[in-house]
Amino acid sequence: MPRSRRGRSFAETRGAILDLIRSSGEISRGELARRSALTEATISKAVKVLLAEKVIVEAGYAESTGGKRPTLLRLVNSGRWAVGVILDHFRIVATLCGIDGSQVASIEIPGAGEDDAETVLLRVTDEVLRLLSRNDVAKDAVIGLGIAVSGRRIEHFESGTAPLEAWWQQPFVAGRLEQLTGLEVLQENDANCAALGEFWSGRVPDDRDFALVYLADGVGVGLIINGDAYRGRSGHFGEIGHSFVDPAARPCWCGSFGCLNTVGTPQAIAQAVLDSPGRRTEWGLADDESPAVTYSKVASLARAGEPVAKQAVEEAAGFLATAVVSLVNIVDLDRIILAGPGLSVGADEYFAAVQERVRSTYMSSIHPVEVELREASADIAALGAAALVLHRRLTPQLNTQ
């Protein structure tokens, strides 16, 4: 028997009905009533409100089962909008999305780099407003602006406590952008944003739990449980980069050793090469180039079959697979998604390593565990930041904070 979707308020009930429409793609009022265990009168009231708000539209008819053909409902991708931004050291992407989570347009600009906060936030504001103007979207039609940031929010920030520790991870960013843009702003780490984007635009039902492993300069996990990102007691769940995977690894900035961040990420591969003068000279790597550029060159050599480079990428993928196996067994997951700009090269090696190791896990002997690979782009976090806004504003019954 379907569980009741009645919330503590009409807003929560309305949100639950909207979430069923989102996860179904298209659905009739009668099917909504059956799957939500709500009365037809409640469904009719909520649907009327959602239609008036231009959140859903009537989208044709279902096949008749003996009588009047039922009208289908779906999310609309125009009329109301959300903006998502990935704010990072190397690149900034702003994207405009419809309510269904689909990307309408995007703009990419250089990353924050060494610029001060005000300079970058003014630049982001200009680009967001330009994005709206180019697409004839009025600000009052925008539900909100989501900001995806690398790393975790640190309430008591001390400069220099971590590599690339940055102002954009701090809580003041959302407030300042609200002042500059005139839009309501939500801020979240990139892994959680990417996972929420998968949940929303992938039409994942709220009873399907999964983890998204987001690989960028470091690596984090967004875990979706009961339709929302699980954040832990202090909001720091998902720091898989500090999982112990290699006793021989160099010390991590966190004070421990053997961390995945030091051996299993593109940044780690690049750093290992940069620490090797002989290899740096042999491969023509410049002393002043960024780890991202170094990794791109190493990965290209690996694809070309250079044995040392190929081994370096495969070993890093193996370390990531070790951490993912622990995650699968501890949380009892049946779906793992790999995503993020760190997979722009070496994606096949990472995917193969994780898939092979997961097949031999304890949990795989209990039930199948799917491993999926997504597009290797930072855009997924920007799309997810827009989905964060949609998720928080349109489905309040799923939000745990």
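Predicted model: local features only at pLDDT ≥ 70, side-chain atom pairs only at ≥ 80, totals over all residues.
## Nonpolar cores

The largest nonpolar core holds 52 residues, and those that touch the most other members are Ile21, Leu32, Val55, Ile56, Ile99, Tyr214 and Leu394. Helix H12, which spans residues 379-394, supplies the largest share of this core, with 10 residues. Apart from this core lies another, of 44 residues, which includes Val213, Ile269, Ala321 and Ala353.

Strand E3 (residues 71-75) is joined to E2 by 4 bridges, and Val57 stands opposite Arg74 in E3. E1 and E3 pair over 2 bridges, also in the antiparallel sense, and here Ser28 stands opposite Leu72. E3 is mostly covered, since 4 of its 5 residues are buried.

## Helix H4

Helix H4 has 18 residues, and the distance from its first C-alpha to its last is 26 Å, close to the 26 Å expected at 1.5 Å a residue. At the start of H4, a side-chain oxygen of Asp116 comes to within 3.2 Å of the backbone nitrogen of Glu118, while just after the helix Asp136 takes a positive phi of about 55°.

The buried residues of H4 are Ala117, Val120, Leu121, Val124, Thr125, Glu127, Val128, Leu131 and Leu132, a list that includes the polar residues Thr125 and Glu127. Among the elements that cover these buried residues are strand E5 (91-98) and strand E6 (103-110), together with E4, E7 and H5.

## Helix H5 and Thr181

In helix H5 (residues 172-181), the buried residues are Val173, Ala174, Leu177 and Thr181. Seen down the axis of H5, these residues fall within an arc of 95°, so they line one face of the helix. An α-helix has 3.6 residues a turn, so residues three or four places apart point the same way. The buried residues of H5 pack against strand E4 (81-87), helix H4 (117-134), strand E7 (142-149) and strand E8 (185-189).

Thr181 has a relative accessible area of 1% and is therefore buried, given that the cut-off is under 20%. Leaving aside neighbours within four places in sequence, Thr181 is in contact with Thr125, Leu129, Lys139 and Leu145. Thr181 and Asp126, although 55 residues apart in sequence, are 8.4 Å apart in space, C-alpha to C-alpha. The side chain of Thr181 reaches the backbone oxygen of Leu177 at 2.7 Å, and a polar atom of that side chain lies 3.1 Å from the backbone nitrogen of Leu183. H5 is followed by Gly182, whose phi is positive, near 75°.

Technical notes:
Residues numbered from 1 in each chain as written. Heavy atoms only, no water. Core = buried A, V, L, I, M, F, W, Y, C linked by side-chain atoms within 4.5 Å. Buried < 20%, exposed > 50% of the residue type's maximum accessible area, 1.4 Å probe, protein only. Arc of directions from axis to C-beta. Contact = heavy atoms within 4.5 Å. Pairing = 2+ DSSP bridges. Expected span 1.5 Å × (residues − 1). Polar contact = N/O pair within 3.5 Å; in protein donor to acceptor, adjacent residues only side chain to side chain.
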